[in-house]
Amino acid sequence: MENFEVIVIGAGHAGTEAGLACARMGLKTLMLTLDIGSVGRMSCNPAIGGIGKGQLVKELDALGGAMGRAADACAIQFRVLNSSRGAAVQSSRAQIDMRRYNRHMCRLVKHQKNLRLKEAEAKELLVRDGRVTGVVTDKGRFGAGCVVICPGTFLDGLIHIGLKHFSGGRINERASIGLADSLKGLGFRILRFKTGTCPRLDKNTILYRDLIRQGGDKFPRPFSFSTKNPKLRQVFCHITYTNKKTHQAILDNLDRSPLYSGKIHATGVRYCPSIEDKIVKFSDKDRHQVFLEPEGLGVKDVYPNGLSTSLPEDVQLKILHSIPGLDKAEVLRFGYGIEHVVVEPTQLYPTLETKLVRNLYFAGQINGTTGYEEAAAQGLVAGINAALRLQNRDPFILDRSSSYIGVLIDDLVTKGTLEPYRMFTSRVEYRLIIREDNADLRLAQKGFELGLLSRKDYLKAEKKRKEMKEGLLFLKKTKVNPCRAVNIKLERLSSSPLNRAISLEDLLRRPQVNILNISAIHKLKSGISKGAWEQVETEVKYEGFIRRQSRDVERFKNLERIRIPEGFDYGRLSGISMEIREKLSRFKPLNLGQATRISGVTPAAISLLMIYLKNSDASSRRKVNPVFLSGRKSVNK
Ligand SMILES: Cc1cc2nc3c(=O)[nH]c(=O)nc-3n(C[C@H](O)[C@H](O)[C@H](O)COP(=O)(O)OP(=O)(O)OC[C@H]3O[C@@H](n4cnc5c(N)ncnc54)[C@H](O)[C@@H]3O)c2cc1C
C-alpha cells in the first residue's frame with residue numbers, strides 16, 4: 001500500500017484548493033478524481049464571484065489560494081456589483097472562459113511539487129481507533145495521515161430531466177456511490193439537496209440584434225491583489241426577458257416537472273431557483289431577466305443565466321423559443337436537476353475536521369453549500385488544517401470578525417443548514433470592517449505565515465498598509481483654505497463652499513466629495529498607490545460606523561477567547577435544561593462565543609456556562625482546545 005501524508009478526494013473547486021495548499025505546505029499529497037480532465041471544472045455558470053462571493057475569492061487570494069489568480073487569467077468580463085452602493089456591499093464578479101479555467105487548474109495541479117493527481121474512485125475510508133488511515137479505491141488502497149473529502153454533487157447523485165432520472169454526478173459523469181455508503185456506515189448524518197442548471201445554446205442561432213448589450217467595467221478590477229490587468233479579450237453579455245408565453249408553457253407542463261410531480265424530494269437552492277420555481281413562487285411577475293453569457297472565447301456555447309430547469313426537453317425548447325432573441329435558438333445541451341447527498345455540517349469543527357473521525361476533513365458541496373467560491377474557501381481551510389495537523393502546528397480558524405470565510409464556516413458548523421447554503425453580504429455582521437478591498441490587509445500575513453503566500457505578495461500588502469497610514473496622516477494634517485477656486489469646485493459638486501480652513505480629511509467626509517475630487521482641490525501626497533487611497537477614502541467616510549463595529553468586534557472576541565476544554569462535561573452544569581446540555585455535548589463548541597450561536601442555547605445557559613468556566617482553571621481556558629493541538633503525538637498516546 002502506497003502511503004501519502006494527505007489524500008484529497010475530489011479535484012473540483014474545494015479539492016484543488018485543499019490539494020494545492022497541502023502540497024505547498026510541504027506534504028506529500030494524493031488528489032483523486034473520477035475524471036482526470038475535469039480538474040476545476042465549472043459545473044454550472046461560467047462566472048466567478050458575485051454578491052458575497054467576490055469577497056470569498058479575494059480572501060482566498062490573500063491567503064495564497066488559487067481561485068483568484070486563475071479567474072483573472074481566464075476572465076472575459078469583469079464587473080463590480082453594487083458599485084453605486086457602499087464599499088461594504090460591493091462584490092466583484094467575472095465572466096470566465098470555463099474551458100481555459102479547467103485547463104489552467106489542470107496545469108497548476110499537475111505541475112505542483114508534492115502533489116500527485118490520480119484518476120481513481122474512492123470507495124471506502126479506512127478508519128482505525130477513530131482515526132482515518134487511508135482510502136480504498138477502484139485502483140488500490142492508499143494510506144494517509146489525513147483525508148480531505150470534496151466530492152461535490154457526486155455523492156449518490158441522481159440526475160433529473162423531466163420525469164426521466166438516472167445516476168450521475170454531473171451530466172456525462174458517473175456518481176460516487178461507495179463513498180456515500182462508507183460515510184453512512186461510519187455514522188455520519190446525511191441529507192439530500194438538489195440543484196440545477198440551464199440548457200446551453202448555440203451562439204450562432206441567437207438573434208442578438210434586439211437584445212440589450214451589457215459590457216464589463218471600464219476599469220476592470222481583478223480578483224487577485226497581484227494581477228494588474230485582464231489577460232484575455234473582454235466581451236459583452238446580452239439581456240433578454242421571459243414573457244407570458246414562456247410562463248404559460250411552464251404552467252402547462254408542471255406535471256412533467258420532477259420538482260412539482262413529487263419525483264424530487266430533496267431541498268433546492270432558494271436563492272438560485274429554477275425557472276419553474278420562479279414562475280410558481282412569483283406568479284405576480286410578468287417577466288424574468290435572462291442573461292446570455294458566453295462560456296468562453298472562440299466557443300459557441302452560451303449560458304442563459306436565469307433559465308435553470310429540469311423540465312423535459314420538449315418543454316425546454318418551448319420555453320426558449322418563446323423568448324425574444326431565442327426564437328430560433330438551438331440547444332447544445334439540455335438543462336437538468338441533480339439530487340445528491342450532503343453531510344450535516346454541524347458534525348464538523350471549525351477546522352472542518354469531523355467530530356466523529358479524527359484527521360478526516362470535509363469541504364465544499366458535501367457540507368451543504370452551493371457555489372464554486374464557497375467550495376474553494378472551505379477546501380483551502382480544510383487543506384491548511386490537515387497540513388497543520390500533520391505538522392503538529394496550531395489549527396487555522398478564521399472567526400466571524402476576520403473574514404467572509406470565517407462567517408461561512410461558522411454558519412455551517414454552528415448553525416448547520418437545511419437548504420443549499422450560499423454566501424451573502426447580509427450574513428456578515430461586521431461587513432464594514434471585512435470588505436473586499438481590504439482582504440489583503442486582513443489576511444496576507446496569515447497566508448505568509450502558513451507558507452502559502454509569497455514574501456513578495458505579503459510585503460506588497462504591508463506596503464499598502466504603510467501607505468494608508470501616511471495617506472490618512474496627510475489628509476488629517478493638510479488644511480485647505482477658503483478661496484474662490486476651491487469654492488467653485490465644491491459648488492460644482494453640490495457641496496457647500498468653505499468659509500474657514502478645514503482639513504482635507506473633513507472635506508473628504510462630505511458625502512458629495514470623493515478622493516478624486518480631493519486630488520483636484522489639493523495635490524495629494526506622492527508615493528501612495530491608488531489602492532491605498534481608496535482604502536483611505538473608505539476609512540474616512542465610514543469612520544464612525546467602523547469605530548462602532550470595532551467595539552462590537554471587541555465584545556465578540558471576548559466571548560470567543562473563553563475556550564471550552566475538550567471533553568467538557570456539560571452534565572455537571574446544574575440549572576440548565578437536559579435538552580440544552582445534550583445539544584452542547586453534541587455540538588462540542590470550542591469556545592463560549594460559538595456556544596452562544598447554537599440554536600436553542602439560551603442566554604441564561606450561556607451565563608451559567610460562563611460562570612462555570614471562569615471559576616474553573618483559568619490556564620486551561622486560555623489554552624487552545626487540545627483536540628487541535630495533538631497531531632501525530634496524540635495518536636501515539
Ligand atoms: C447541475 C449543477 C448545477 C449547479 N448550479 C449551481 C448554481 O446555480 N450556482 C452555484 O453557485 N453553484 C451551482 N452548482 C454547484 C457548483 O458546481 C458546486 O457548488 C461546486 O462545483 C462544488 O465544488 P466541489 O469542489 O465541492 O465539488 P465539484 O466541483 O463538484 O467537484 C467534485 C470532484 O470530486 C470528484 N469525486 C467525486 N466523488 C469521487 C470519488 N468517490 N472518488 C474520487 N473523486 C471523486 C469529482 O470527480 C470532482 O473532481 C451546480 C452544480 C451542478 C452539478
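These notebook entries record what I looked up in a predicted model.

**Conventions.** I numbered residues from 1 along each chain as its sequence is written. For this predicted model I required pLDDT of at least 70 for local features and 80 or more for side-chain atom pairs, while totals for chains, interfaces and linings use all residues.

**Overall form.** I found 23 helices and 22 strands in the protein; these are DSSP runs numbered from the N terminus, helices being H or I with at least four residues and strands E with at least two. The C-alpha atoms occupy a box of roughly 80 × 75 × 50 Å along the principal axes. I then compared the radius of gyration, taken over C-alpha atoms, with the globule rule of 2.2 Å times the number of residues to the power 0.38. For 637 residues a compact globule would be near 26 Å, and the protein agrees, with 26 Å.

Of the contacts (C-beta atoms within 7 Å) with a separation of 6 or more, 73% join residues 24 or more positions apart.

**An open sheet.** I traced three strands in the order E3-E5-E4, paired antiparallel; pairing requires at least two DSSP bridges between two strands. Strand E3 (47–49) and strand E4 (75–81) are the edges, each pairing on one side only. The twist averages 20° from one strand to the next, with axes fitted to C-alpha atoms and angles between N-to-C directions running from 0 to 180 degrees. I counted six bridges between E4 and the antiparallel strand E5 (residues 91–96). Arg79 has Arg93 in E5 as its bridge partner.

**The ligand shell.** I listed 37 residues around the ligand, the closest being Gly10, Gly12, Gly152, Gly364 and Gly371; the criterion is a C-beta atom, placed from the backbone, within 6 Å. Helix H1 (13–24), strand E2 (29–33), strand E12 (190–197) and helix H9 (372–390) each give two or more residues to this shell. I recorded its make-up as 15 nonpolar, 19 polar and three charged residues, with Gly classed as polar.

**Lys464.** I located Lys464 in helix H12 (residues 455–477). Lys464 is buried because 20 other C-beta atoms lie within 10 Å. Leaving out residues up to four places away in sequence, I found that Lys464 touches Asp440, Leu441, Ser529, Gly531 and Ala532. I also looked up Cys150, 314 residues from Lys464 along the chain; their C-alpha atoms are 35 Å apart.

Technical notes. Two residues are in contact if their C-beta atoms, placed from the backbone, lie within 7 Å. A residue is buried if 20 or more other C-beta atoms lie within 10 Å of its own, exposed if 12 or fewer, and partly exposed in between; C-beta atoms are placed from the backbone.
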